[in-house]
Structures are given as C-alpha cells and as structure tokens.
Amino acid sequence: MAAVALSASGVYAGGRGILAARTRDVPGGPIHVSDETGGRAGTTNADRRLGDRAARMARAQQGDREAYHDLLAELDAQLRRSLRRRLWPGEDIDDTCQEVLLTLHRALRTYDASRPFDPWFHALVRHVLLSARRRRRRRPVLESVEPERLAEMAPDDARDGDLARVVDAALGRLPPAQRDAVRMLKVEGMTVEAAAERAGVSPGGMRVRAHRGYRAFRALLGFDE
Amino acid sequence: MSAPVVDRLAAALDARRPYWSPARRFAIWALAQLAIVAIALRVRPDAIERLVHVRIALEVALLALLGASGAALALRAAVPGRHPGRALTIAAGTLAIGVAVTVLPDVTLAAVVPAGWPCAVKTLLLAAIPWLVLTVALVRGAVLLPLVAGLLAGIAPLAMAAALMRLLCGNDDGMHLLVWHDLPLALGVAASVAVGAWLFVGWARRRV
C-alpha cells in the first residue's frame with residue numbers, strides 16, 4: 001500500500017501556498033502521518049492498523065472513551081514525529097498537535113466509519129496548519145528586540161531602571177488576545193478557567209493563547225536570542 | 001506531550017450521532033426541491049408548456065444541472081477530506097460559465113426595464129427553503145472551505161429557482177430576464193457567500 005502522505009510543498013517552499021495530499025513533488029519530502037511499518041512485509045499490518053483506526057473512530061462516535069483515548073494518543077505521537085522538522089520558525093509543535101486534536105474532536109461526528117480514516121484526518125491537519133499560517137500572516141509581525149533597544153523605546157524613566165515600564169511596553173506590543181491572556185494569568189493572577197470565561201474562549205484555547213503570549217513576550221525581551 | 005489534552009478530550013467524549021452522509025443529505029435536499037417544483041407547477045400547470053421551446057428547455061436543463069451539482073458539491077464540503085477538490089471546483093465553475101453564456105439574454109440597451117420585481121421576489125422565495133436545508137446541513141458539518149461552501153450553497157437553490165422561474169414567467173424580454181431573474185440570482189449567491197463565511201466556521205469555535 002502506498003503510504004498516504006501529507007505534503008507541504010507550497011507552504012514550506014514558499015511556492016504555491018497550499019498544502020496538497022501528494023506523495024511526490026515535495027521539496028523536503030512529505031509529512032507522513034499515516035502508519036508506516038515499511039516494506040512489503042509490513043503492509044498488511046499497516047492496513048490492519050489503518051482499518052483499526054476507522055474502527056476506533058466508530059467506537060468513539062458511540063462514546064467509547066478508551067478507544068478514543070488510544071487513538072488520540074497514537075495520532076499525537078505520529079503527528080509529533082511527522083511535524084518535528086516541518087514546522088515554520090515560530091510554530092510550536094505542542095500548539096499544532098493540540099490544535100489538530102481539538103479540531104479532530106470538534107469534527108468527530110463528520111467521520112464516516114465506512115470510509116478510510118486518513119483522508120479525513122489529513123484534511124483536518126492541512127486545515128489546522130493553513131489556518132494557523134493565515135492567522136500569522138494577518139497579525140502584525142513581532143520583532144525580537146534587544147533589551148537595550150526596548151528600554152530606549154520605553155518611556156524615559158524606564159531607562160532609569162524602571163523594569164515595570166519595560167515589561168509594560170513589551171506587553172503592549174503583544175497581539176491583544178495574547179496580551180490579555182498574559183495579563184489575566186500572570187498579572188492579575190486569575191485561574192485559567194476564570195480567564196477563559198472572561199475572554200469567552202475554552203480553557204484549552206486560553207492556555208494556547210497564554211503559551212504563545214509567553215513565547216512572544218520572551219522574544220520581545222530578548223530572552224530567546 | 002499533549003497527554004493532558006488527550007485525557008481531557010477523551011473525558012469530554014459523549015456518544016454522538018454520526019453526521020449523515022452527503023448522499024443522504026442530498027436526497028433530503030432533492031426532495032425539498034422537488035416538492036417546491038411540484039407545488040409551483042400545480043399552481044401554474046401551463047408553465048410546463050414552455051418547455052416546447054428548445055432554447056427555454058435547454059436553459060432550464062442547464063440551470064437544473066448546475067443547481068443539482070452545486071448542491072452535491074456543497075454537501076461534500078461539510079465533510080473533511082471530501083470537500084470539492086480543485087478539479088471539481090473548476091468543473092463546476094466551467095458549468096456555471098457555460099450556463100451564463102447560454103442563458104445570458106439577448107439584451108438590447110434600448111429596452112425599457114419593466115417593473116418586474118415580483119419575479120425577483122419569487123426567485124428568492126423559491127430558493128429560500130432549499131437554501132435553508134443546505135445551510136443547516138453545512139452548519140452541522142465541519143466545513144473547511146466556508147467561502148466555497150457558501151458559494152455552492154447559494155448557487156444550488158438559486159439556479160433551481162431561476163430554472164423554475166424561466167417556466168413560470170412568460171416574459172422573455174432580455175432586459176427583464178437580466179434585471180429581474182439573473183441579478184437576484186447573483187445577489188443571492190453573494191449573500192450566501194457572506195453568510196457562509198460567518199456561519200460555516202462555527203464548528204471550529206465550538207467549546208470542548
């Protein structure tokens with residue numbers, strides 16, 4: 001059986017700008033998220049396992065949490081292996097995997113157990129990657145700023161050692177959603193649930209925002225140099 | 001690791017009725033569409049006689065084909081991995097252009113635009129229920145291309161309505177057809193795209 005592969009030709013090469021489910025024409029090679037046992041001897045096992053995924057998805061749709069847990073854990077591990085060297089700078093493998101799993105959960109009922117699992121799953125992975133990249137393009141680019149430069153950009157009294165002002169200036173340069181997340185969790189000391197409630201997002205979404213906010217914040221302060 | 005996420009998602013799982021297949025939903029849509037055609041032709045049985053004109057029959061057939069293929073593609077757009085690929089979208093686009101070229105009325109600019117607004121209203125009314133059926137189906141699915149889905153969900157019922165109106169309306173004046181039949185179709189499709197962009201992404205924001 002030919003390995004079903006998710007290629008990222010345009011995205012990674014900066015070419016066509018789309019992800020295509022192909023196994024060739026891929027600078028840097030395809031992202032394999034299907035099971036790979038390698039060689040002809042393993043093909044039967046791979047087939048069986050792919051069929052098993054469809055069966056586990058069907059059981060998950062009936063409310064079988066154990067089957068669903070196993071499937072998610074397996075997909076998570078494979079995604080991590082596949083995406084590790086394929087993500088763009090600034091993209092986080094934890095965020096991406098988490099977003100894929102959340103998207104899979106939301107779209108769970110649209111899976112048809114009589115059809116192969118991989119095309120359905122690959123479409124979701126492509127969607128998550130493209131959506132994230134589209135969002136990044138729309139947002140203002142965060143520049144990594146040297147601490148000295150940041151102090152220059154901050155009000156005068158910041159140069160006199162007013163760290164709070166420097167931090168505040170850096171916070172002000174974060175995208176609004178991330179800034180609010182960092183403020184609520186780290187400045188106001190709110191719980192994730194309470195912050196999520198206030199922002200009108202899920203606790204998972206709030207964690208993602210905060211995580212991205214921390215990373216951007218560190219970059220702004222020059223800690224990631 | 002996403003172990004906490006995996007644990008949380010597994011704990012949040014509840015039994016869900018699988019999404020009906022696109023074929024099943026298409027059958028429901030086709031039933032709704034046929035019911036509307038049957039009611040319209042029952043009210044105006046003479047309308048069917050217009051099919052003896054070859055040009056009108058061809059226009060109606062092309063519009064009906066466009067409507068049916070649009071609905072089929074729109075419903076596939078609600079299922080990840082089955083959404084219309086580039087080839088299918090190009091085929092549908094080519095068909096739409098073919099329909100436009102064939103149906104485009106012979107407009108004379110000197111013609112006076114009569115007060116044909118009832119035709120526009122009827123076109124939109126005839127399309128309303130099939131559009132709702134498609135929209136509900138798409139909202140319940142997981143649409144990955146909301147603009148394309150909105151476009152197809154608009155084209156399908158409005159093309160069918162336009163086909164029906166071609167039979168129900170006895171006015172074959174080019175300007176009348178352009179202004180009161182084709183323009184509402186175009187505006188309705190544009191509105192459907194806008195609604196789709198807003199409505200069909202709701203599944204991705206659902207709280208887990």
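Predicted model: local features only at pLDDT ≥ 70, side-chain atom pairs only at ≥ 80, totals over all residues.
In this complex, 39 residues of chain A are in contact with 34 residues of chain B, where contact means heavy atoms within 4.5 Å. Residues are numbered from 1 along each chain as its sequence is written, chains are lettered from A in the order in which they are written, and side-chain values use heavy atoms, with hydrogens and water left out.

On confidence, the model scores ipTM 0.79 and pTM 0.67, and chain B averages a pLDDT of 86, with 92% of the residues scoring at least 70; pLDDT is the predictor's confidence in each residue, from 0 to 100.

Let me return to the interface. Chain A and chain B bury about 3200 Å² between them, 58% of it on carbon and sulfur atoms, buried area being the accessible area (1.4 Å probe) that two parts lose on being put together, summed over both. Of the area that chain A buries against chain B, 25% is supplied by His105(A), Arg106(A) and Arg109(A), more than any other three residues.

How many residue pairs are in polar contact between chain A and chain B? The count is seven, with both residues at pLDDT 80 or more; a polar contact is a pair of N or O atoms within 3.5 Å, and within protein one must be able to donate a hydrogen and the other to accept it, while residues adjacent in sequence count only if both atoms are side-chain atoms. On the side of chain A that touches chain B, the largest share, eight residues, comes from H4(A), helices being DSSP runs (H or I, at least four residues) numbered from the N terminus.

I will close with two residues inside the chains. Arg166(B) lies in helix H6 of chain B, residues 146-168, and is buried, with a relative accessible area of 7%, where buried means under 20% relative accessible area (1.4 Å probe, protein chains only). Leaving aside residues up to four places away in sequence, Arg166(B) touches several residues of chain B, including Arg50(B), Glu59(B) and Asp172(B). In chain A, Val166(A) sits in helix H8, residues 163-172, and also counts as buried, at 11% relative accessibility. The C-alpha atoms of Val166(A) and Leu221(A) are separated by 8.7 Å, although the two residues are 55 residues apart along the chain.

Notes: Helix = DSSP H or I, 4+ residues; strand = E, 2+ residues; numbered from the N terminus. Buried < 20%, exposed > 50% of the residue type's maximum accessible area, 1.4 Å probe, protein only.
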